[in-house]
Amino acid sequence: MNEQLENDIHSVRVLNKLSQQQLADAVGVSRKTISTIETGRFTPSVVIALKIAKFFDMPLESLFKLK
Amino acid sequence: MEKVAVSNSERELQYITWHAYLALVMGLLFCSASLEPFLDFQSSKALTFVYGIAKFGLSVYFIYLMCKVVTTMSSIKKRNFWTASFEDEYLNHLNLLGFKWSFHSVIFTLSPFLFSNISSLISESFPADSISAKALATLVVGVMFVCYALPVLYGLNKSDE
């Protein structure tokens, strides 16, 4: 678990009734990338973070927060 | 039957999975080949039998994995194949982690031989002169393959939770 960064991707994804695979296909990454970002095991690059935020039409700072 | 389109990331995932299993099997085969002269097959027939079965099984699995890697590698981009990189970020991270472990494994494997002239304790445990250059190279390559495969497979398995 990343001790500095937390994200709300899981809750936003569930709220939008999307599977990890659907989000992964939309962003252009593998399902494992989404899975590890959600659990905080992997910190994504700015590009992927911006793509996810753009997909959900949300500002980046509402998805990713510093602890 | 409808053909499901597989994304580039999923193809890369298939490739790295088979590639990691292949690296593990190759590593075990190389390690066993280098350690063969040190095993006492004369006194124990059971050891010879178990070792033979294990080596045969690994060899068959190696051929199967080789076929899998060859079929999946054609589906990933040539540039990525030759530069040993992945477009998917997490897979690229795992690949680099494997290379990092592999690099450190070489240092740890070779250090007893490097320092065998300095300490008599090490030279008695690891007699550098008793192992041939070929056997040492085989051992190092084997350990490198295993140390590449383990963090990759662990990372792939862990992300399924």
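Colleague: What percentage of the 161 residues in chain B is buried?

Modeller: A residue is buried if 20 or more other C-beta atoms, placed from the backbone, lie within 10 Å of its own; 12 or fewer make it exposed, and values in between partly exposed. In chain B, buried residues make up 25% of the 161. This is a predicted model: local features need pLDDT of at least 70 and side-chain atom pairs pLDDT 80 or more, while totals for chains, interfaces and linings use all residues. Residues are numbered from 1 along each chain as its sequence is written, with chains lettered from A and ligands numbered from 1 in the order written.

Colleague: Why does Cys147(B) count as buried?

Modeller: Cys147(B) is buried because 23 C-beta neighbours lie inside 10 Å. This residue belongs to helix H6 (residues 133–158) of chain B; helices are DSSP runs of H or I with at least four residues, strands runs of E with at least two, numbered from the N terminus.

Colleague: Which residues are in contact with Cys147(B), leaving aside its neighbours within four places in sequence?

Modeller: Contact requires C-beta atoms, placed from the backbone, within 7 Å. Cys147(B) has such contacts with Trp101(B), Ser102(B) and Ser105(B). Ser102(B) is 45 residues from Cys147(B) in sequence, yet their C-alpha atoms are 5.0 Å apart.

Colleague: How many residues does each chain give to the contact between chain B and chain A?

Modeller: Chain B gives 13 residues and chain A gives 14. On the chain B side, helices H1 (8–35), H4 (89–114) and H6 each supply two or more residues.

How values were computed: Two residues are in contact if their C-beta atoms, placed from the backbone, lie within 7 Å.
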